[in-house]
Amino acid sequence: MQLPIFAAVLLVISGVWSLVVWPQFLRRVMKDPRARDAAGKATKFLNVHLVLVSISMVLGAATAIIGIMGLFG
């Protein structure tokens with residue numbers, strides 16, 4: 001894969017950023033009182049954020065991998 005060095009580095013930084021930031025966000029969401037109902041069951045609020053974080057983490061990993069491939073491939 002041929003990418004300019006700047007683009008490859010930017011992709012790696014962007015991917016790593018996502019992999020660092022989103023887990024911190026999820027920790028805060030899980031502590032939020034809206035995350036669980038009175039019985040302790042996960043609410044739609046938590047489920048939506050779990051999906052959001054999961055997708056963002058997969059895209060972040062893919063972005064970092066593409067950047068690494070651009071640097072070394």
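I began by settling what a helix is here: a DSSP run of H or I with at least four residues, while a strand is a run of E with at least two, both numbered from the N terminus. With that in hand, I found Ser 56 in helix H2, residues 44–72.

**Ground rules**

I noted that this is a predicted model, where local features need pLDDT of at least 70, side-chain atom pairs count only at pLDDT 80 or more, and totals for chains, interfaces and linings use all residues. I also noted that residues are numbered from 1 along each chain as its sequence is written, and that side-chain values use heavy atoms, leaving out hydrogens and water.

**The chain as a whole**

Along the principal axes, the C-alpha atoms fill a box of roughly 55 × 15 × 10 Å.

Next I looked at burial, where buried means under 20% relative accessible area, exposed means over 50%, and partly exposed lies in between (1.4 Å probe, protein chains only). Of the 73 residues, 23% count as buried. I then turned to contacts, meaning heavy atoms within 4.5 Å. Among contacts with a separation of 6 or more, 68% join residues 24 or more positions apart.

**Helix H1 and its cover**

H1 covers residues 5–31. I checked its length: 27 residues reach 40 Å from the first C-alpha to the last, close to the 39 Å expected at 1.5 Å a residue. The expected span is 1.5 Å times one less than the number of residues.

Which residues of H1 are buried? I listed Ala 8, Val 12, Gly 15, Ser 18, Leu 26 and Val 29. What covers them includes H2.

Is Ser 56 buried or exposed? It counts as buried, because its relative accessibility is 14%. Not counting residues up to four places away in sequence, Ser 56 touches Ser 18 and Trp 22.

His 49 is also a residue of H2, and I found it buried, with a relative accessible area of 17%. Leaving aside neighbours within four places in sequence, His 49 is in contact with Phe 25 and Val 29.

**On the surface**

I came across a nonpolar patch made of Ile 5, Val 9, Ile 13, Ile 68, Leu 71 and Phe 72, with about 590 Å² of accessible area together. H1 and H2 are the elements that each give two or more residues to this patch. Patches take residues with over 30% relative accessible area and no salt bridge, joining like charges within 9 Å and nonpolar side chains (Val, Leu, Ile, Met, Phe, Trp, Tyr) within 5 Å. Accessible areas come from the Shrake-Rupley method with a 1.4 Å probe, and for residues only the protein chains shown count as cover. Ile 5 itself lies in H1 and counts as exposed at 57% relative accessibility.

**The loop and the salt bridge**

I found Ala 38 in the loop between H1 and H2, exposed at 91% relative accessibility.

My last search was for salt bridges (a side-chain nitrogen of Lys or Arg within 4 Å of a carboxyl oxygen of Asp or Glu). The structure holds one, where the side chains of Arg 34 and Asp 32 meet at 2.8 Å, N to O. Arg 34 counts as exposed, at 52% relative accessibility.
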